[in-house]
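Subject: Handover of a structure and notes on its contents

Dear colleague,

Please find below the structure that I am handing over to you. I would be grateful if you could read the notes after it with the structure open.

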Amino acid sequence: MTRYESAQKQYASIGVDTESAMQALSNLKISIHCWQGDDVTGFEGAGDASGGIASTGNYPGKARTPQELMADLDEALRHIPGKHRLNLHASYAITEEPVERNQLEPRHFEAWVRYAKERGMGLDFNPTLFSHPMAADNLTLSHPDEKVRRFWIDHCIACRRIAEYFGKELGTPSLCNIWIPDGYKDVPADRLSPRRRLKESLDEIYSVKLDPNYILDSVESKVFGIGVEAFTVGSHEFYMNYAAQNGVLCLLDNGHFHPTENVADKIPSMLLFADKVALHVTRPMRWDSDHVVSYNDDLKEIAAEIVRCNAMDRVLIGLDFFDASINRVAAWVIGVRNMQKALLAALLTPWEKLRAMQEEGNFTGLLAWEEEMKLCPVGDVWNEFCRRNEVAEGMDWLREVRQYEEKILPERR
């Protein structure tokens, strides 16, 4: 009997079908963020990120061109089970000459569409409202200057059209997510006016009606950011209400809340009032520090809520971390595989049995079962999942990433 067969038998004894769990995981696509590969630099030649965005470390071999970034992504995808999606920022436009962000068009992303088509991937998209002279004071869509707001409104409208183009070309809706760095470093005299301007800007952006078969719109909140510690215009309450009133999705980044908040707990509440919920999954070691996603309790609880709410087709999972202190390709592989491991662990849990105990008030049995499940052989099922998807199990993938590093990355110094 193989280790997988033994695990399969053990799970069957508690009413869990490992084959169904692996099939469900195969059907779920994670949106992999391109910006881990180059420290959120993009292709505009602007240098390091700014506007509250910081990637620390100087590990050699950062991707400098579209070709290098695509090659690194391909290397990462070789070691990640299943088919997934790619998440782009507007600053990753591929142009022959500089193009201002408010003038971006679908043709500036044709190379990315070809890349996605060749790999059977969908594309998601984000307007880039940071690392730009027009965002130098950390105010964009809420700026008091109408000219600044106009620039960023036009940029967001252009990005929504690009996302719609992705959806049409690739046959799968593109999530177009808006996050802004707007806020103040010290306590403001007026919180209402900036939020009114943000609402009016968003109203104009979404007044341009696009085909919902090809684009899904979302807005992303934050509790505070670097340089805007006292007041963030786009708070969770603002965006949650805006999303509910205007029919757009609310995106939850688990690094954007207070460290004691349980973001997993927000998911079932959001699902009661929205058809879909979007996520950016990261690891906020010290608030929004965006460490590589780890297979920890926070991640497992997020995955558990998605699965036990029967919402794998309603929660859009994207990752958002950037670590320049380690091998960037390995960071992708570790992060995505950990997200998949957490989902697999959730899929291998007998939720109906546990739910019945809760409803019956059998909290002794519930606690005992939850603790016993922690020692179930999820690793053996994970290794089988990797084998079936023809990717390395265990740590074998790291040896191949190291070989790629030794062969390719020295040329970038």
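Predicted model: local features only at pLDDT ≥ 70, side-chain atom pairs only at ≥ 80, totals over all residues.

Residues are numbered from 1 along each chain as its sequence is written, and side-chain values use heavy atoms, with hydrogens and water left out.

**Strands**

Helices (H or I, at least four residues) and strands (E, at least two) are DSSP runs, numbered from the N terminus. Two strands are said to pair if DSSP finds at least two bridges between them.

Strand β6 (residues 215-220) has five of its six residues buried, so it is largely enclosed by the rest of the structure. Here buried means under 20% relative accessible area, exposed over 50%, and partly exposed in between (1.4 Å probe, protein chains only).

β6 also pairs with β8 in the parallel sense, over three bridges; the bridge partner of Val-219 in β8 is Cys-250. Strand β8 (residues 249-253) is in turn joined to β9 by three bridges, and these two strands run parallel. Leu-251 has Ala-278 of β9 as its bridge partner. Ala-278 also has a bridge partner in β10, namely Leu-316. Five bridges join β9 to strand β10 (residues 315-319), again with the strands running parallel.

Strand β9 (residues 277-281) has five of its five residues buried, so it is largely enclosed by the rest of the structure. In a regular strand the side chains alternate between the two faces of the sheet. In β9, Val-277, Leu-279 and Val-281 point one way, whereas Ala-278 and His-280 point the other way.

**Pocket and cavities**

Rolling a probe the size of a water molecule over the atoms shows where empty space is left. On a 1 Å grid over the protein atoms alone, a cavity is a set of points where a 1.4 Å probe fits but cannot get out, and a pocket is an open set with protein on both sides within 12 Å along at least five of seven lines; lining residues have an atom within 4 Å of a point. Grid points are joined across faces, edges and corners, and a volume is the space filled by probe spheres set on the points.

The largest pocket holds about 830 Å³ of space. Its lining has 25 residues, and Glu-301, Ala-304, Arg-308, Thr-349 and Trp-351 lie nearest its centre. The elements that give two or more residues to this lining are α9 (297-308), α10 (328-347), α11 (351-360) and α12 (363-373). Of these, α9 gives the most, with six residues. By class, the lining of the largest pocket divides into 13 nonpolar, two polar and ten charged residues. Ala, Val, Leu, Ile, Met, Phe, Trp, Tyr, Cys and Pro count as nonpolar, Asp, Glu, Lys and Arg as charged, and the others, Gly among them, as polar.

There are three cavities of 30 Å³ or more. The second largest cavity has a volume of about 40 Å³, and the residues lining it include Tyr-59, Lys-62, Asp-72 and Leu-409.

**Single residues**

Asn-338 is found in helix α10 and is buried, with a relative accessible area of 9%. Its side chain reaches the backbone oxygen of Val-293 at 3.0 Å.

Most residues other than glycine have a negative phi, and most peptide bonds are trans. Asn-310, although not a glycine, has a positive phi of about 55°; it lies in the loop between α9 and β10 and is exposed, with a relative accessible area of 66%.

Yours sincerely

Note on methods: Polar contact = N/O pair within 3.5 Å; in protein donor to acceptor, adjacent residues only side chain to side chain.
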